[in-house]
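Okay, thanks everyone, let's get going.

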Amino acid sequence: MATEIDTGLTSIRQVQALIRDQQMAELKLLTGDVLTGMVVWQDNHAICLSVDGQTILTMRAAIAYIKTIN
């Protein structure tokens, strides 16, 4: 049974705004790695980031923070 993403959560809405506005973002992972690109989509478990023409699927549990780049 599929569960829908909870758009009532502020964090979900913030990421949706990044997708809608096609704004660059920096994702820092718990490993210390930093990914910079555009968020393509999100679901309950993952965020897909486009980095230099390649898509990177990042599990939410691995993300330390997401920062917008102006």
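This is a predicted model: local features need pLDDT of at least 70, side-chain atom pairs count only at pLDDT 80 or more; totals for chains, interfaces and linings use all residues.

Let's begin with strand 1 and strand 2, which pair in the antiparallel sense over five bridges. Quick housekeeping on words: strands (E, at least two residues) and helices (H or I, at least four) are DSSP runs, numbered from the N terminus, and two strands pair if DSSP finds at least two bridges between them.

Residues are numbered from 1 along each chain as its sequence is written, and side-chain values use heavy atoms, with hydrogens and water left out.

Back to that first pair. Met24 has Met38 in strand 2 as its bridge partner, and Leu27 has Leu35. The hairpin here has four residues between the strands, and Gly32 takes a positive phi near 100° in it.

Next, strand 2 to strand 3: four bridges, again antiparallel. Trp41 is bridged to Cys48 in strand 3, and the hairpin connecting these two strands goes through three residues.

On the other flank, strand 1 (residues 24-29) is joined to strand 5 by five bridges, and those two run antiparallel. One to click on is Ala25, whose bridge partner in strand 5 is Thr68.

So what order do the five strands take in the open sheet? It goes 4-3-2-1-5, with antiparallel pairing. The edges are strand 4 (54-59) and strand 5 (63-68), each pairing on one side only. Neighbouring strands are turned by 45° against each other on average, direction ignored.

Now the helix. Helix 1 (residues 10-21) lies across strand 1, strand 2 (34-42), strand 3 and strand 5, and runs at about 95° to strand 2. For angles, the axes are lines fitted to C-alpha atoms, for helices over the stretch in contact, and values run from 0 to 180 degrees between N-to-C directions.

A quick stop at Val51, in strand 3 (residues 46-51). Is Val51 buried or exposed? Its relative accessible area is 18%, so it's buried, as that means under 20%, with exposed over 50% and partly exposed in between (1.4 Å probe, protein chains only). Leaving aside neighbours within four places in sequence, Val51 is in contact (heavy atoms within 4.5 Å) with Thr36, Gly37 and Ile56.

A pocket is an open set of points on a 1 Å grid over the protein atoms alone, where a 1.4 Å probe fits, with protein on both sides within 12 Å along at least five of seven lines; lining residues have an atom within 4 Å of a point. Helix 1 gives the largest share of the lining, five residues. Among the lining residues are Leu18, Ile47, Arg60 and Thr68.

That's my tour, thanks.
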